[in-house]
Amino acid sequence: MRRLLRIAREPFGVPLPARGWQRAVPVLLALGTVCVLGWLTLIWAARLTVPYPVYVSELGAKGAATAGPFALALLLIAAGGFSIALASGHVRSSAPVLRRWAPAITLGFAALCFVLASQVTCTAYCPVPIIDPKSTIQDLVHTVSAVVGFAAACLAMLQVGFSRGLPRLSRLSRVSCAAVAVITIVGGLLAIVRVGADVGAWLELIGTTVAVAWIAVYAVALTRIPVGMVDAAGADTGVVAAEAAAGVGATGAAPAGAPAEVA
């Protein structure tokens, strides 16, 4: 059990996975970025073909003309999430609560939820589970899996937002997480009460776009960071080494503890 917990907290802290995945990391990040950008392209292309306001899940509702692209888009975001999660096991959060497991674990869980949501879509017009009498178990499964997956992605964003080894990306992650929370909460409330459906639908799409775009930015940022072990303080030692190299001055020696942003 302790070994499993150690792997969950530091996936690349175990020598065997570390050696095996170092060569695969660039490929995984590239694949993940392509898949994530593919999601953005498919979802926006599908949404722009619908002349009336719809929420994202409605694009994949049973009988909808956009159901095919929607299902493919969710599979793409799941594949991208898995790829980026596998390549980011060396990233850790420095916050006491958020560092209990690696962001890679959270992102991988989100990908699993999106796989389920892609296979179990909502019924026509996506009635709100429990609140709407027309809702079914299928609607409940889809909504819960999609919401939990989205929440997990936001949690991963928050974990990275408190990573000491990624200063610039950390700031962007915190801002993005706050923006996504506000936008999606407002959009979700409008969906529940069925008021301002046009505004709520666009807010949900924008919030989702920001979250997915962050995943792509995260993957691109990781291409500049070497895979390394995570020390007890929560900083990536590979990043620390890169920062030390970047801080070498004309004399060939870097000041002790001199910070250098790499992302």
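Helices here are DSSP runs of H or I with at least four residues, strands are runs of E with at least two, and both are numbered from the N terminus. With that in hand, walk along the protein from the N terminus and you'll read α-α-α-α-α-α-α-α-α. That's 9 helices and 0 strands. Keep in mind that this is a predicted model, where local features need pLDDT of at least 70, side-chain atom pairs count only at pLDDT 80 or more, and totals for chains, interfaces and linings use all residues. Residues are numbered from 1 along each chain as its sequence is written, and side-chain values use heavy atoms, leaving out hydrogens and water.

How much of the protein is buried? Buried residues (under 20% relative accessible area, with a 1.4 Å probe and protein chains only; exposed is over 50%, partly exposed in between) make up 47% of the 263 residues.

Now zoom in on Phe-82, which sits in helix α4, residues 67-87. Phe-82 has a relative accessible area of 31%, so it counts as partly exposed.

Next, look at how α4 meets α5. Two packed helices are described by the angle between their axes and the distance between the axes. The axes (lines fitted to C-alpha atoms over the stretch in contact, with angles from 0 to 180 degrees between N-to-C directions) of α4 and α5 come within 8 Å and cross at roughly 160 degrees. That's why α4 is roughly antiparallel to α5 (the label for angles over 145 degrees; under 35 is roughly parallel, 65 to 115 roughly perpendicular and the rest oblique).
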